[in-house]
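Welcome, and thanks for opening the viewer. Let's take a short walk through this structure, one selection at a time.

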Amino acid sequence: MMNNRLTNITTEYRKFSKGQYVEHTQFNEFLDYFEDQDRLSKTLLRGVGIACGFKHQLKYSNARTTNGIRIVNGIEISQGVGVTTDGDFITLSNTSQVSDELGVSDLKTIDLKGICYSYFKPYDNSKANYPPFYDDNGDQIRLWELSETNKGSDDYMPINETSDSILNALYLLIYVESYEKEVRPCRGVDCDNHGLQQVQNVKVLFTNLKGITNIVNKGDTLYPHPLNTSIPELRLKRALVDADIDSIDDFKKVYSDIVLDTTLLNEVSTGISRITSHFRIENRFDELDVISKLTNVIALGNDGTTGFQYAYDFMKDLVETYNEIKALLPKSFTSCFPDMNAFPKHIMIGKIVDNTPNNYKHTFYNSPVLDDEEIEAKVKILIERFNELVDKFTLPEVVNKMAPDINITPSRKSIELGNKAIPFYYSIDEEFLKRWSFDKSRHRIANRNLTYNNLNPLLSNDPNVIAAVAFNLEKYTFYRIEGHQSQPYTLVKEVLDFKKEASQLSFDVMSLSLEELNNNKDLSKAYYKEYVAEHPGIEHMAGVEPGGTFVIVYESEANPTVIADFSLPYLCCGPKVDVSLSLPVDEICSGSKAIPFTVSPLDGVVAIADPIKGNGGVVKKGEQYFFDPTLVSSLFYDTDIAFTVNGKSTGTTIRVVSQPNVLITVEDITLSENDTDVFVKYKIEGTNITNYQYEFDFLGNGNYTSVIPLNGIVEYTFINYRNRKSLEAPVTNVIVSGNGCSDSIDVPVDTRAVPLITNILFPDGACCEESVTPKVSAVNFPTNCCEENIIPKVSAVNFSTNCCEEQGVTPRVAAVVFPDPACCETLIS
């Protein structure tokens with residue numbers, strides 16, 4: 001029976017002296033010591049199993065059978081590297097030189113990509129007598145040896161005569177056939193070229209299920225670990241949509257059929273339960289609860305339409321995390337001292353038709369010297385992340401559809417989940433951040449994970465985290481786009497166009513309507529069925545890669561909210577038409593009339609580049625676009641407003657300057673002592689009144705005077721105004737100007753206003769010449785004497801006919817006394 005080399009190892013050897021006679025046992029002891037040390041270093045300090053390669057596949061000829069079935073030409077096995085538990089180093093090789101010397105081995109080459117085996121024959125292991133190849137009754141299991149050629153022997157049979165059904169039931173292994181062979185008896189006195197040849201033939205064999213099971217059961221303690229063979233490897237189906245989609249319900253069905261697949265959910269539940277049990281970690285995956293959550297998200301989403309794609313993304317995150325765990329399991333539980341009898345002279349490389357992952361295939365079982373403890377720590381973190389994903393999956397509510405918070409977050413594609421940006425459908429807390437990325441947590445930088453809510457107080461306030469798109473994006477291969485679903489598609493496109501232009505990101509945005517579009521001239525918008533028929537590769541990825549197209553889908557113009565998003569790996573679509581835009585001025589007053597745009601192409605769609613500024617004053621009248629400054633919010637005065645044509649930046653901007661907004665009123669009117677001059681005090685009120693220039697035309701006759709108000713007050717004296725023949729109230733015109741804008745304000749000034757008179761006193765004996773005293777018969781007031789707090793005006797003072805007529809002397813008023821409080825009387829005597 002063949003003995004394993006490491007069953008008994010040599011721990012010491014002798015040094016030889018000059019001229020010493022060396023026994024063969026002494027010399028062999030020297031060789032055995034170093035060979036044993038080499039084998040031990042490979043198995044104990046590096047590991048055992050398949051380090052790389054040994055991938056296999058069936059090779060087919062162009063010929064087919066009468067039933068149209070392809071004919072198998074051979075089995076191709078790629079070059080690989082493996083180490084048995086006895087320390088044998090295995091690779092594929094070809095003979096490069098045949099030795100013609102007695103006792104000298106042939107030379108081999110390993111510089112090859114692989115070998116295609118087209119023939120096979122029954123294998124007899126009687127020379128090596130390898131124990132795993134025999135059953136409990138001592139009978140050899142059924143084995144066949146593969147060969148590139150038939151070697152001129154009738155013992156070999158061509159593989160093309162074997163049906164696929166037979167090949168599908170067979171398993172491959174690479175075997176080191178090891179035994180001693182004596183060249184020939186030593187005769188005479190010269191035995192230098194003689195000795196026992198240590199044969200080490202690498203054979204590629206296959207066996208049936210009964211045979212491979214026997215091999216494993218003969219002592220392989222590494223492969224059949226419960227976590228290596230009892231948990232399934234999961235694969236999530238792609239959610240493929242086509243031109244047959246007619247409604248939101250059609251989309252939902254595509255995604256719900258995948259995420260609510262009972263087989264998938266059962267496998268996840270079974271696998272994660274066994275994993276958590278092995279590591280004694282809580283399992284928070286309750287299949288019924290997860291199904292309930294997924295069902296609600298698919299049915300409702302944010303507003304009844306948008307949850308189904310994020311339910312799919314959530315399941316994808318779970319499956320990716322699960323498979324990361326499974327891939328690390330063999331490395332996480334390798335023992336410090338692998339069983340030397342597990343697979344001492346063979347390595348299993350799997351089923352010939354490999355339709356089941358890791359089906360009777362050895363992986364590489366690391367030595368703890370490498371990174372065993374770190375891998376186990378990573379597995380535990382991944383299990384905790386799996387639990388966090390289950391607990392924290394939720395969709396943010398849409399709060400304000402008119403001011404959407406749409407973010408573009410740099411991320412990565414085709415990489416472990418922990419190295420990607422955190423999706424927005426998770427409620428992030430401190431524990432979640434610690435579990436998301438093992439590497440970041442290990443280096444104590446979990447707060448530097450990128451995510452949709454970049455202002456989360458748990459995250460670093462470093463600009464690289466808050467505004468990642470503003471920094472080096474070389475290592476990022478994907479842009480996550482979130483916060484857009486359930487928002488109006490026009491607003492979504494405007495926001496995304498603005499943000500990608502501002503950050504100079506290379507992707508296009510395309511809008512698709514489920515309802516057919518009539519007379520559509522917008523190159524960035526299309527009918528869903530037509531578009532998908534021309535570009536069938538659209539796939540939901542929750543974002544877009546650089547140089548791709550982000551596709552948003554809405555139901556109709558009547559229901560324009562985004563219900564789904566997809567991406568294409570290339571820029572698309574429509575001809576690349578040059579666009580241009582111009583305005584007659586680059587600055588305009590807020591109160592000015594609308595001015596026309598000049599647009600190229602003529603049917604181009606003009607829009608505001610920054611949708612946060614509303615419509616930006618863009619209006620369309622007939623086929624002509626205008627800029628109307630009165631529609632621009634005052635929040636955006638004195639800032640540049642930019643515009644796009646067909647979603648593309650034009651470089652055209654305009655600045656709206658605020659129109660003067662002041663109120664000018666008459667605060668006070670006072671008569672001079674001689675009752676002829678009128679003093680008027682004007683009051684100026686409003687915002688930033690000192691920023692304007694004022695020109696007053698006090699008398700309304702076209703003569704303007706520049707005035708500087710003092711604390712908002714302007715004073716003016718109407719000289720000898722009471723003695724003028726015409727006492728009509730003047731209207732003061734004020735021109736207010738500033739920042740290139742001006743306004744004309746009319747201010748009525750009633751200089752004839754006289755307070756209520758209760759008495760007229762004349763000086764004693766001085767009323768009229770020759771002491772003639774006039775008598776006042778009546779004082780007549782207007783009919784609206786005291787209405788609405790209007791100061792009464794005296795319309796006439798009538799004296800008796802004989803007052804001073806005889807002498808022609810006019811009475812003189814010595815004083816005017818006002819009542820307190822003022823009132824109106826119809827007769828004063």
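Start by selecting Cys589 and Cys741: the torsion about their S-S bond is about -110°, so this disulfide is left-handed. Keep in mind as you look around that the model is predicted. The sulfur atoms of Cys589 and Cys741 sit 1.9 Å apart, and a disulfide joins the two residues. A disulfide is a covalent bond between the sulfur atoms of two cysteines.

Now zoom out to see what this pair connects. Cys589 belongs to strand β24 (residues 587–589), while Cys741 belongs to strand β38 (residues 741–748). The two cysteines are 152 residues apart, and their bond links distant parts of the chain.

Are Cys589 and Cys741 buried or exposed? Both Cys589 and Cys741 are buried. How many disulfides does the count come to? The count comes to 1 disulfide.

Next, select two other cysteines, Cys52 and Cys116. Cys52 has a relative accessible area of 42%, so it is partly exposed. Cys116 has 29% relative accessibility, so it too counts as partly exposed.

For the last stop, turn to the surface and select Glu515, Glu516, Glu530, Glu534 and Glu555. These residues gather in a patch of negative charge.

Technical notes
Residues numbered from 1 in each chain as written. Predicted model: local features only at pLDDT ≥ 70, side-chain atom pairs only at ≥ 80, totals over all residues. Heavy atoms only, no water. Patch = residues over 30% accessible without salt bridge, like charges linked within 9 Å, V, L, I, M, F, W, Y side chains within 5 Å. Areas by Shrake-Rupley, 256 points an atom, 1.4 Å probe, with all protein chains shown as cover. Salt bridge = Lys/Arg side-chain N within 4 Å of Asp/Glu carboxyl O. Lys, Arg positive; Asp, Glu negative; His and termini not counted. Charge placed at Lys NZ, Arg CZ, Asp CG, Glu CD. Disulfide = S-S within 2.5 Å. Helix = DSSP H or I, 4+ residues; strand = E, 2+ residues; numbered from the N terminus. Buried < 20%, exposed > 50% of the residue type's maximum accessible area, 1.4 Å probe, protein only.
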